[in-house]
There are 2 protein chains.
Amino acid sequence: MQVFAALADPVRCEIVEMLAGGERSAGAIAARFPVSGPAVSRHLRVLREAGIAKCRTEAQRRIYSLNPEPLVELEGWSTALLSQWRSRFEVLGRYLDESQGKGEDS
Amino acid sequence: MQVFAALADPVRCEIVEMLAGGERSAGAIAARFPVSGPAVSRHLRVLREAGIAKCRTEAQRRIYSLNPEPLVELEGWSTALLSQWRSRFEVLGRYLDESQGKGEDS
DNA sequence: CTGTTAAATAACGGAGTGGTTAGATAGCAC
DNA sequence: GTGCTATCTAACCACTCCGTTATTTAACAG
């Protein structure tokens, strides 16, 4: 799950939320954060390398947009994990229901 | 999203997957990784402080289990983001459908 | 070609992270 | 009490990460 590392930084997390609302130029993104342009530029690179963002060139501007696949994968990961956990929990629940009538365990 | 930072490390990510399959003692967890006990112990602390794992004491053992709330939140975050993205995409799609008949744009 | 704008890269410093080994803490067995 | 087991904490080191400023690349305007 390389995605987690890419989203671990709050700035990158916010950038992703921005991009979910539509594509933006690098400058427009940088303007929203109290850090320097180069700092944002590197955040964008991390997101690109993680496959979460992609960019196209338009004159001098780089227009960034969201690449959804990794987020779909992320959603799937958490959903699968939770359903596994819930199924375990249900097994435990059944066990407790059963032993409730007998009241014995090690 | 503090959860991302907690899951950014592959060892912690695997621990969470282990815990989804049922609770485990600290020793049982540590045995599965090629790193020292103290290293795993600190990973467990990070997960605890992120609210992803919790532990109870049983004799000398600490039994770790999964706390699902942060993962539910994570699932919700990715789902919301994707649905926002998809709605944007649909708007764009409608625009393209429309301009397709006219064939003009800047 | 020169100048300007937009963004990326380079180089560097400080803070945080993950690993290690050694020592502390807590509960059980005797 | 002593000894053993299980786990955590402390101290330290190497490495990575995020921020900065300075420089470079790239595209347009004249």
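Trainee: Which helix gives the largest share of the surface near DNA strand D?

Mentor: A residue is near a molecule or strand if its C-beta atom, placed from the backbone, lies within 6 Å of it. Here the largest share, five residues, comes from helix 4 of chain B. Keep in mind that this is a predicted model, where local features need pLDDT of at least 70 and side-chain atom pairs count only at pLDDT 80 or more, while totals for chains, interfaces and linings use all residues. As for labels, residues are numbered from 1 along each chain as its sequence is written, and chains are lettered from A and ligands numbered from 1 in the order in which they are written.

Trainee: Which residues come nearest to DNA strand D?

Mentor: There are 20 residues around DNA strand D, and the nearest are Ser36(A), Pro38(A), Gly27(B), Pro38(B) and Ser41(B). Two or more residues each come from helix 4 of chain A and from helix 3 (26–30), helix 4 and strand 3 (61–66) of chain B. Helices (H or I, at least four residues) and strands (E, at least two) are DSSP runs, numbered from the N terminus.

Trainee: How do the residues near DNA strand D split by class?

Mentor: Count Ala, Val, Leu, Ile, Met, Phe, Trp, Tyr, Cys and Pro as nonpolar, Asp, Glu, Lys and Arg as charged, and the others, Gly among them, as polar. For DNA strand D that gives eight nonpolar, eight polar and four charged residues.

Trainee: How do I read strand pairing in chain B?

Mentor: Two strands pair if DSSP finds at least two bridges between them. In chain B, strand 1 (residues 24–25) runs antiparallel to strand 3, joined by two bridges; Ser25(B) has Ile63(B) as its bridge partner. Strand 2 (residues 53–58) of chain B is also antiparallel to strand 3, with six bridges, and Ala53(B) is partnered by Leu66(B).

Trainee: What lies between strand 2 and strand 3 of chain B?

Mentor: Two residues, and the strands form a hairpin; in the turn, Ala59(B) has a positive phi of about 55 degrees.

Trainee: What relates the two copies?

Mentor: In general, two copies of a chain are related by a rotation about an axis and a shift along it. Here a rotation of 180 degrees with 0.0 Å of shift along its axis superposes chain A on chain B (RMSD 0.0 Å), which is the relation of a two-fold axis. The superposition is by least squares on the C-alpha atoms of residues with pLDDT of at least 70 in both copies. The copies meet through the same surface, because 100% of the interface residues of chain A are also interface residues in chain B.

Terms used. Contact = placed C-beta atoms within 7 Å.
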